[in-house]
Amino acid sequence: MLAAVIGLGSAAPAWGSGGGTTINIDPADTGTTAAAFGTHRCDPNLGGGPFQAEDVWVFALPAAQQGNFTSLSIEFATEGGPAREIITTTPAGDRAIVGNRAWIRTPAGLSSTGELVNPFALTNATAVITGTDGTFDLAQTCPASGATASPSLPVTGAAFSGPTLGKLTAVGGSLILVGLVLLRAQRRRRFVA
């Protein structure tokens, strides 16, 4: 049974079977969301943006001798589990190869209020290129509009200000003072006993 499962895995077509060299992404570029990545740039020739609910990721071959991309396989981590995306030389509405650059749009994981709740995080990527060696880079991202690198929790409940806030502060301070007095009394009682 195990041999049959292994056999099925090896029968899958190779996504980079058109020839070329397979290379990996620079590991320093993994483990990030689009919003947390250091270089934000939205380019109309490389996916456009910013979009309300989608991030744009742009990959690049840094050396001229590496040639051009022929395909990329990108792995993302999401709250829903891992996601694998493929970019080929056949452009689609949400991805394309443009010579030595490639781009893809992914869901940003924004809530209706613009908070990040399930962003894609880049975990790994490989590419088939026309050149011979090296690595490739995550060159830039165009985070969804409203996305931040470290989202904050939403503020809920009634707003307090003016006299109400003053009363709450006084009550809170009083409770802390009573707690300190009781703690001191308990320590004295243990010391005497």
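Glu54 and Arg105 meet through their side chains in a salt bridge, with 3.0 Å from N to O. Since Glu54 sits in strand β3 and Arg105 in strand β7, the pair ties together parts that are 51 residues apart in sequence. Do keep in mind that this is a predicted model.

**Salt bridges**
- Glu85 forms a salt bridge with Arg95, and their closest N and O atoms are 2.8 Å apart.
- Glu85 belongs to strand β5 and Arg95 to strand β6, so this pair links parts that are ten residues apart in sequence.
- Arg95 also meets Asp94 in a salt bridge, at 3.0 Å from N to O.
- Through shared partners, Glu85, Asp94 and Arg95 are joined into one network.
- Within that trio, Arg95 counts as buried at 15% relative accessibility, because the cut-off for buried is under 20%.
- Asp94, at 24% relative accessibility, counts as partly exposed.

**Overall layout**
- The protein chain has two helices and nine strands.
- Reading from the N terminus, its elements run α-β-β-β-β-β-β-β-β-β-α.
- Of the 193 residues in the protein chain, 31% count as buried.

**The four-stranded sheet**
- Strands β6, β7, β3 and β9 make an open sheet in the order β6-β7-β3-β9, with antiparallel pairing.
- Its edge strands, each pairing on one side only, are β6 (95-98) and β9 (137-142).
- From one strand to the next, the twist averages 20°.
- Strand β3 (residues 54-60) runs antiparallel to β9 and is joined to it by five bridges.
- Ala60 stands opposite Asp137 in β9.

**Nonpolar cores**
- The largest nonpolar core has 23 residues, and those with the most contacts inside it are Trp57, Phe59, Phe69, Leu72, Ile74, Leu122 and Phe136.
- At least two residues of this core come from each of β3, β4 (69-78), β5 (81-88), β7 (101-107) and β8 (121-129).
- A second, separate core of six residues includes Val56, Val58, Ala96 and Cys142.

**Surface patch**
- Ile176, Leu180 and Leu183 make a nonpolar surface patch of about 300 Å².
- Leu183 lies in helix α2 (residues 162-192).
- With a relative accessible area of 40%, Leu183 is partly exposed.

Key
Residues numbered from 1 in each chain as written. Predicted model: local features only at pLDDT ≥ 70, side-chain atom pairs only at ≥ 80, totals over all residues. Heavy atoms only, no water. Patch = residues over 30% accessible without salt bridge, like charges linked within 9 Å, V, L, I, M, F, W, Y side chains within 5 Å. Areas by Shrake-Rupley, 256 points an atom, 1.4 Å probe, with all protein chains shown as cover. Salt bridge = Lys/Arg side-chain N within 4 Å of Asp/Glu carboxyl O. Buried < 20%, exposed > 50% of the residue type's maximum accessible area, 1.4 Å probe, protein only. Pairing = 2+ DSSP bridges. Axes fitted to C-alpha atoms, helices over the stretch in contact; angles between N-to-C directions. Core = buried A, V, L, I, M, F, W, Y, C linked by side-chain atoms within 4.5 Å.
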